[in-house]
Amino acid sequence: TRTNCLPAVSGNYVCVVTNAFGSVTSQVALLEVSFILTQPLFTDNFDANTAASWTTNRSSTDTRVTFNYNYGADGIPSAPNSTAGTSNGVKFEANMTLGVGAAINISPVGQNFGGDYRLRFDMWINANGPFPGGGVGSTEHFNAGIATTGNQLHWTGATGGASGHWFTVSGEGGSGDTTTTSVPDYGALSGTNLFAAASGVYLSGTSTTARGNGNAYYTAQFPGASAPALQQSTHAQQTGTIAAGSPGFVWRDVIISKTGSTVEWFMDGLKIATISGASFSASNIFIGYWDSFASVSDNAALSFGLADNVRVERFVTNVPPYITAQPQSVTTPVSSNATFNVTAGGTATLAYQWRLNGTNIAGATSSGYTRLNAQAIHAGNYSVVVTNASGSVTSSVAVLTLTPTAPLLFTSIARLADGRVQLGMSGEAGFNVQLRTSTNLTTWSVLTNLANPSGSLSFTDAPPVNVLNQFYRALYP
């Protein structure tokens, strides 16, 4: 347990377990401590066809992007950040038939993201088997990055984009752990510059295997997976398990963040690479797919990449809620209205929930709460819980005390010389009084409604001249 966490203790943690026969090292766990939160700037879950909202950049017509693609038909489960179990995303394919390296990527139309922010999405890389070696043409890469113009293709081939900082990863680890002539399993790039294994950019170290899936840094986090059961039953070649250290056949949580001049790449919480001293000439983002090899997949239906739940989030200050004015106790007569208020601060948006004796009051979700027509069951301890994205605070207790309402009484009644009737009444100050009349004590009609600010009042009535009997009744409406 790390107590009193501050940003300085952020980093990668492992546990080494030993006994008399040897030792074993755990997977890496990343601890990030910060004073920041995020708020969404852009989102797309692809549950509808949003192709018109994206710009597509491609190396050739031998590439394809499919929006609102139902990946459930391929036996792939709903992405972790999908709601209600939906299984629609965006599908990428490259080098489908021509046997020439190809790439494709998309950027949201008209977007510019300034300041510190991050790109985050669910990623799935599918591949053709059998594994671990993979079938013909099985090695393909998923790409994503920030600070792009939005109208450039990102790869190291001809017409590659020179803007942006981006990352690429293969699905089944087929690039070779120490390759220097092809795109590695894990690659960090600025423009078309692919950082070397010894550059210090990769958190796996500076050895010749720093960009290969066989490096222990990756194998500890990604033990290797098998194709979905539906693919195995439908395609005989989908057997075995991809090589350890490869992220394919599992939904991965990908984050690319920009903080100042630093760009970082995370996958399932594991920090993969850090580009320091980065410069920025553009402000859009992209996601895409890349087959850098000439060989064509022996089963195009199995070779693709997926993205779902793409969002861009801005970093904002982390200020939890706090209360500057507590709700005050109220003493009021039965059947009156009682109002409680609280004043709170903190990062928006603040949410409120009023409680009576510790139980939430339905619908009481504003900074003020009024109990209408308060009765004996409403007396008790009132408090409010104020929350935002970074925490909550509970107010002090305000007590509602109800006093009996003074009864309405006729204090006088007189017939004036001109035939009018003068009535005197007393009751609870501040409570309106309704006066009703009847000629038979059976049928009553409203005569008037009277304000009673002081507790006593009078009213003079002019009954019809042909009425022999006129009865009066006073009540609280």
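Both Trp166 and Phe286 are buried, where buried denotes a relative accessible area under 20%, exposed over 50% and partly exposed in between, with a 1.4 Å probe and protein chains only. The model is predicted, so that local features need pLDDT of at least 70 and side-chain atom pairs count only at pLDDT 80 or more, whereas totals for chains, interfaces and linings use all residues. Residues are numbered from 1 along each chain as its sequence is written, and side-chain values use heavy atoms, with hydrogens and water left out.

Across the whole structure, 21 aromatic pairs are found, a pair being two rings of Phe, Tyr or Trp (its six-membered ring) with centres within 6.5 Å, counted as stacked when the planes are under 30 degrees apart, as edge-to-face when over 60 and as tilted otherwise. Trp124 and Phe249 form an edge-to-face pair, with 6.4 Å from centre to centre and 75 degrees between the planes. This pair links distant parts of the chain, since Trp124 lies in strand β10 and Phe249 in the loop between α2 (229–234) and β15, 125 residues apart; helices (H or I, at least four residues) and strands (E, at least two) are DSSP runs numbered from the N terminus.

Phe67, in strand β7 (residues 63–70), is buried, with a relative accessible area of 11%. When residues up to four places away in sequence are not counted, Phe67 touches Phe46, Asn49, Thr50, Ala51, Trp54, Gly89, Val90 and Ile106, contact meaning heavy atoms within 4.5 Å. Phe67 and Phe46 are 21 residues apart in sequence, while their C-alpha atoms are 6.5 Å apart in space.

A search of the whole structure finds two cavities of 30 Å³ or more. On a 1 Å grid over the protein atoms alone, a cavity is a set of points where a 1.4 Å probe fits but cannot get out, and lining residues have an atom within 4 Å of a point. The largest cavity holds about 60 Å³ of space, and its lining includes Phe121, Phe142, Trp265 and Met267. The residues of this lining divide into 10 nonpolar, two polar and no charged. The second largest cavity has a volume of about 40 Å³ and is lined by residues including Glu93, Asn95, Glu140 and Ser303; by class, this lining has three nonpolar, three polar and two charged residues, where Ala, Val, Leu, Ile, Met, Phe, Trp, Tyr, Cys and Pro count as nonpolar, Asp, Glu, Lys and Arg as charged, and the others, Gly among them, as polar.

Note on methods: On a 1 Å grid over the protein atoms alone, a cavity is a set of points where a 1.4 Å probe fits but cannot get out, and a pocket is an open set with protein on both sides within 12 Å along at least five of seven lines; lining residues have an atom within 4 Å of a point. Grid points are joined across faces, edges and corners, and a volume is the space filled by probe spheres set on the points.
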